[in-house]
Structure formats: C-alpha cells, structure tokens
Amino acid sequence: MTSITCKAAVAWGPGEALVIEDVVLDPPNPLEIRIKVVCTSLCRSDITQWESKAIALFPRIFGHEASGLFIKKLHTRMHARRRDFISIKLCGIISQGKEGKNIQGIGSYGYVSLQILHHFGYAKIVESIGEGVTEFEKGDHVLTLFTGECMTCKHCSSGKSNMCQVLGLERKGVMHSDQKTRFSFKGKPVYHYCAVSSFSEYTVVHSGCAVKINSNAPLEKICLLSCGVAAGLGAAWNVANISKGSTVVIFGLGTVGLSVAQGAKLRGAARIIGVDTNAEKYDKGKSFGVTEFINPDDCNEPVQQVIKRITDGGADYSFECIGDTDMVTTALQSCCDGWGVTVTLGVPKTKPEITAHYGLLLSGKTLKGSLFGGWKPKSEIPLLVDMYQRKEIQIDEFVTHDLSFMDINKAFELMRAGKCLRCVIHMPN
Ligand SMILES: [Zn+2]
Ligand SMILES: [Zn+2]
C-alpha cells in the first residue's frame, strides 16, 4: 500500500474559510482502514472546534458524520476479530450485520437487547487495510464513528457504557494508535478531527471507528446517524429512558433536540415542549413530535417558571441540546422534584463549568450526561440503520441542504446563521 494524494477541505486557522487542498494520505497502519468518503454532513461540534482559539490544532481536517466505501481488496477472508483498523473511502454508507435482532417496540429497546449484538461478528472481510483487519471487504458500506468501540476494554465489556478506553473520543488531532497524523500537506502534518476527518475524499480510520451497514441504505441520509440523530435518539431511549405518557422539555431544536423529540414521541410521551428562540423551528418541530413551543424571548418571566407553571411543578424529563452550561441549570430547574431527570447533550462553546444550587439535587432531581446517546457504536448503530429502513425512525427530514464538496463553506455559513438542520456534503465520484 502506498500514500495517495486526494482533495481535502483544510482549515488553516480558527474560523477561517476552508480551502480545498491536495493532501497526502498515508496508507493505513495495522488495524486501520482507508476509506473513500461518499457523503459527510456538518455537525455543530465541527463548527465549535473550528471556531475555537483555545485548541489551536491547525491545519486540520474536520468532519465526523460520514458514510463511505472500502476501496482496496484483501486476498484473505477470515472471521471477524476485535480491534481491527481499516481505511475506507468516506461516502455515506454504513454497516449492517444483524440478522436476528428483531427489536420489537421502541419501549423495550435497551441494553439487554442491544447486548446481543456484541456477540455478532461481522462475517466478511477485506480492503485496503492495515495488518490484522478482518471484518471488512471491498465495497462494504460503512459509517464512521467519532467514538469507537474496541469490544474488549473495561467499558466495552461492561454493558453499561460506551466510553471505550482504547478508541474513545480523540481530542489531540491524531490517530489513537501512534499519536501521529495520516494526512500531510507539503510534508507537514495536517491534524485529524475525532480520528475521522471526513471532509476529505479519502480518510484513514481505525477499524474500531467504522461500522458496516446494510448496503441498501442510502448513504446520503444515514450519514446523519454518525452523530446528531443517533445522539438525540439515544439520549431519549438509553439515557433518560422516557416512559409513556410523560412530559418532556427540550431546550434547543436543532438536529439533536429534534431527534430527542422524535425519540420521545416514539416512546409515547404525552407532551413534548420545545424551547427555542428561533420561531421558525416550531413547524419543523411539529413534524418530529413537538406538541408545544416556547420562545423565551416572548416570555415575561424566566422560562423555567413558565414550564413549572404549565406542567404542575416541572417536566418529567428535560434535555439541554444547545451547548450552554447556564441552560443546564435552567433545564434542571424545569424538571419536577422527586423523579425529574435532566440530560445534557450540548457541547459548550464557552464556560464548561456547570453551577446549580445543591437543593435542586436534594429535591430528588437527577442530572445525567452521555456521549453519542450512550450507544455502543459498532454494536448498536446498525440497528438504527435497520430501523430507518423499516421506516420506524425519520432521517430524511433533517436534511435541509445537499451541497457539493466544493461548496462546503456554504454549509458552515448556513449553520452559523441557523438556516439549516443538516447540510449533506456529497463528495466527488
Ligand atoms: Zn473499548
Ligand atoms: Zn457531531
């Protein structure tokens, strides 16, 4: 295997428009794969990190919601082994796998049934792969995973956590295995983002950070399951475990917040109250299950007081999907004493510390957090692809714009202006 030259959208400095450059991409290391990206969408956290002057990892290639294809074929076929690395071409495709996981009813959807997947090997192999990769084969459709699953560490083995100790969220702009980059420009390293970097025609990822999906699933839609949509559904089902007939409040009606709404609706929540300062979000929200809308700018009293008044003391569940730690306190104040649960999902742009009066917890409320909705990504994300294909969950409605790779900066402009939910970027063929 040799290095290849491909086009990538390079960020040269915080907040600076991306520049399409010819970058060199190394071959995959052991247990890695090189993939061709088909589709990738822009997530709010790409923007947050791109704008941040606090973490100056530039030049850098962002992007972490993506689907792709394997490009090279291996000559051997083996049974799936854990902890493989692979390289793929990112596109918009993902993994599949699972005969036998017929999940009946969202209400019973939980770790017990999900655990089963853990023991399913991916039967096929392949690709332009690093040594030791056994689970992918040429033409496989894959989704990239910004937080991986090694299948063997304490957390992966626990059945309680997706915080993989080996392939967890990578924050230093390098690959997990050797702390180096695979991308370079004129001999200088170009940093990765979340060890995915999908704003490139090709990328290298660890085989534990990609998952095969059903090849019939549309890559230009299901790439949204790489982050935002899955995170919201998981927060509703895995983290909060919303019960039928409950009252739910969601702060922030972007893709993540609306995915929480969808998850709450499918669990049979009686009231789903959306809170957002953008009144245009209400119509969109209704299609995902939002039953009431509150614009804090229109209120004469703090929004938490409005919510407590109209819900007889507070909601059963509240979700912070904005990325504002002050709003976490507001969300906590908006749920009821005794059993109220607040789930925080947003990634804060500033002020990461949370402050709240201890009395909020003394009164029986619970504050919970999660990464990627608590999903064990390699084991469970293919289930969501299957659910989408059975029309049990909506994804298409989140895609507000389809853009060519050359127009990638337009996606950044739209998201910064609050004019989109998801922009899907289609890579060149
Ligand atoms: Zn692990
Ligand atoms: Zn994301």
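## Exercises on a predicted fold

F183 stands opposite V190 in β8. This is a predicted model, where local features need pLDDT of at least 70, side-chain atom pairs count only at pLDDT 80 or more, and totals for chains, interfaces and linings use all residues. Residues are numbered from 1 along each chain as its sequence is written, and chains are lettered from A and ligands numbered from 1 in the order in which they are written.

**Exercise 1. Describe how α8 and α9 pack.**

Step 1. Take the geometry. Helix α8 (residues 303-310) and helix α9 (residues 325-334) pack at about 20°, and their axes are 8 Å apart. Axes are lines fitted to C-alpha atoms, for helices over the stretch in contact, and angles run from 0 to 180 degrees between N-to-C directions.

Step 2. Classify the angle. α8 and α9 are therefore roughly parallel (angles under 35 degrees).

Step 3. List the contacts. V303, Q304, I307 and K308 of α8 meet T330, Q333 and S334 of α9. Contact requires C-beta atoms, placed from the backbone, within 7 Å.

**Exercise 2. Judge how enclosed α11 is.**

Step 1. Check the length. Helix α11 (residues 377-389) has 13 residues and reaches 18 Å from its first C-alpha to its last, close to the 18 Å expected at 1.5 Å a residue. The expected span is 1.5 Å times one less than the number of residues.

Step 2. Count burial. A residue is buried if 20 or more other C-beta atoms, placed from the backbone, lie within 10 Å of its own. In α11, 11 of the 13 residues are buried, so the helix is largely enclosed by the rest of the structure. Among them are P377, I381, L384 and Y388.

Step 3. Look past the end. K391 follows α11 and has a positive phi, near 65°.

**Exercise 3. Summarise the whole chain.**

Step 1. Count elements. The protein chain has 12 helices and 18 strands. These are DSSP runs (helices H or I, at least four residues; strands E, at least two), numbered from the N terminus.

Step 2. Take overall burial. Of its 429 residues, 54% count as buried.

Note on methods: Buried ≥ 20, exposed ≤ 12 C-beta atoms within 10 Å, placed from the backbone. Pairing = 2+ DSSP bridges. Parallel < 35°, antiparallel > 145°, perpendicular 65-115°, else oblique. Contact = placed C-beta atoms within 7 Å.
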